[in-house]
Amino acid sequence: MIRVVLVEPREPRNVGAAARAMKNFGLEELWLVNPERPLDEAAYRLATRGAVDVLERARVVSTLDEALGGTVYAVATSARAREGYAGEVYTPREGAPHVREMAEQGPVALLFGRENYGLSNEEMDRAHAVWRIPTGGYASLNLAQAVLLVAYEVFLARARPGVSERPAPAAAEVLERFFADLEAYLTLIRYTDEHRLEGAMRAFRRMVHRAMLSENEVQRLRGLLRQSRWAIEHGGEHVE
C-alpha cells in the first residue's frame, strides 16, 4: 500500500486537487498532517465526484510520526536542491520502481510539504530517500501538480520481477526508537559537541536508511547500544 502524506497543507482546494490526481493514477490512501483548515466545499469540488471517496477516507493526524506509523519506506519530495538532509536523491522516474518494490513488503509513504516552503530538513530526515522533481528553472510547483507528477511516475513504474529474500524493513517507529537510543549514546560518549550532534545524526540516519535494516537487525543494534551504555556506567559489568 502506498500512502500520500500532505504535511500541514494550507488550502483545502489544493488537497481536493491532490486527491483527484491520486485517484487518476490508482493511489487512494491520503493522510493529512495537521492541516491548517478543515476540508470544505472547494476541496470536494476540485476532487470531483470520482475522487470524493479519497477525501472521505482521508486520515487526519497531528504529527508526522502518526502518518509514518507502520511504514517500511518513506520518500520526501522537493522541487529544489537543499543541503543538510539525509537520504539518497533521485528523480521520481528513477525512484518509482523501488517504491513499487517496497510497497510489496509493507506500507510506503510519499511525503509532500507545505505550499509555501515544503518540508523542513527535520521532516526530510525521516525519509529513506529524497525525490527532487526536475523543472525548467523555476522550481515552484503547486502541491497538486507535485502529487500528480509523482503519482504518474509511480503508476508507470513496475516492481522488479522476483520476490526479495530479505526480511521486511523495520517500520518507521522502530527506527525512530533506535535513533533516539543512538543520539543518547553519542551524547554519553561525547562523540561530538552539541553543536555538531544534529549533523552527525543526519549522517547516521543516511547510513541506516540506505541499509534497509530489518526489525530484528535494528533490535540487535539497540541491544549493542544498551550493553555498551551499561558497561560505561557500571565499570564494565555485564547485563543480561
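Is Val 147 buried or exposed? In this predicted model, Val 147 is buried, with a relative accessible area of 2%. The sections below place this residue in its surroundings and then turn to other parts of the chain.

## Val 147 and its surroundings

Val 147 belongs to helix H6. Apart from residues up to four places away in sequence, Val 147 touches Leu 6, Ala 18, Ala 21, Met 22 and Phe 112. One of these, Ala 18, is 129 residues away from Val 147 in sequence, yet the two C-alpha atoms are 5.9 Å apart in space.

## Helix H1 against helix H6

Helix H1, formed by residues 12-24, packs against helix H6, formed by residues 143-156, at an angle of about 15°. The axes of the two helices are 8 Å apart. Because angles under 35 degrees count as roughly parallel, H1 is described as roughly parallel to H6. The crossing of this pair is right-handed.

From H1, the contact is made by Asn 14, Ala 17, Ala 18, Ala 21 and Met 22. From H6, the contributing residues are Leu 143, Ala 144, Val 147, Leu 148 and Ala 151. The residues of this contact comprise nine nonpolar, one polar and no charged.

## Helix H4 against helix H6

Helix H6 also packs with helix H4, which covers residues 92-103. Here the angle is about 55°, and the axes are 8 Å apart. This angle makes H4 oblique to H6. The crossing of H4 and H6 is right-handed.

On the side of H4, the contact involves Pro 92, Arg 93, Ala 96 and Arg 100. On the side of H6, it involves Val 150, Tyr 152, Glu 153, Val 154 and Phe 155. The residues of the contact of H4 with H6 divide into six nonpolar, no polar and three charged.

## Two further buried residues

Ala 51 is found in helix H2. With a relative accessibility of 1%, Ala 51 counts as buried. Leaving aside neighbours within four places in sequence, Ala 51 is in contact with Ala 19, Arg 20 and Lys 23. The C-alpha atoms of Ala 51 and Glu 28 are separated by 8.5 Å, while the two residues are 23 residues apart along the chain.

Ser 78 lies in strand E4, which runs over residues 73-78. Its relative accessibility is 7%, and Ser 78 therefore counts as buried. Not counting residues up to four places away in sequence, Ser 78 touches Met 124, Trp 131, Arg 132 and Ile 133.

## Two loop residues with positive phi

Most residues other than glycine have a negative phi. Asn 34 has a phi near 50°, a positive value in a residue other than glycine. Asn 34 lies in the loop between strand E2 (29-33) and helix H2 (41-56). Asn 34 is partly exposed, with a relative accessible area of 39%.

Arg 190 also has a positive phi, near 55°, and is a residue other than glycine. Its place is in the loop between helix H7 (172-188) and helix H8 (197-211). Arg 190 is exposed, with a relative accessible area of 74%.

## Helix H7 against helix H9

The axes of H7 and helix H9, which covers residues 215-233, come within 10 Å and cross at roughly 25°. This crossing angle makes H7 roughly parallel to H9. The crossing of H7 and H9 is left-handed.

In H7, the residues that meet H9 are Val 174, Leu 175, Arg 177, Phe 178, Asp 181, Leu 182, Tyr 185 and Leu 188. Their partners in H9 are Glu 215, Val 218, Gln 219, Leu 221, Arg 222, Leu 225, Ser 228, Arg 229, Ile 232 and Glu 233. The residues of this contact divide into ten nonpolar, two polar and six charged.

## Division into domains

The protein chain is divided into domain 1, residues 2-158, and domain 2, residues 172-235. The centres of the two domains, taken over C-alpha atoms, are separated by 28 Å. The contact between them takes 18 residues from domain 1 and eleven residues from domain 2.

Technical notes
Residues numbered from 1 in each chain as written. Predicted model: local features only at pLDDT ≥ 70, side-chain atom pairs only at ≥ 80, totals over all residues. Heavy atoms only, no water. Axes fitted to C-alpha atoms, helices over the stretch in contact; angles between N-to-C directions. Helix = DSSP H or I, 4+ residues; strand = E, 2+ residues; numbered from the N terminus. Parallel < 35°, antiparallel > 145°, perpendicular 65-115°, else oblique. Left-handed = near helix turned anticlockwise from the far one by under 90°. Contact = heavy atoms within 4.5 Å. Nonpolar A, V, L, I, M, F, W, Y, C, P; charged D, E, K, R; others polar. Buried < 20%, exposed > 50% of the residue type's maximum accessible area, 1.4 Å probe, protein only. Domains from an automatic or database assignment.
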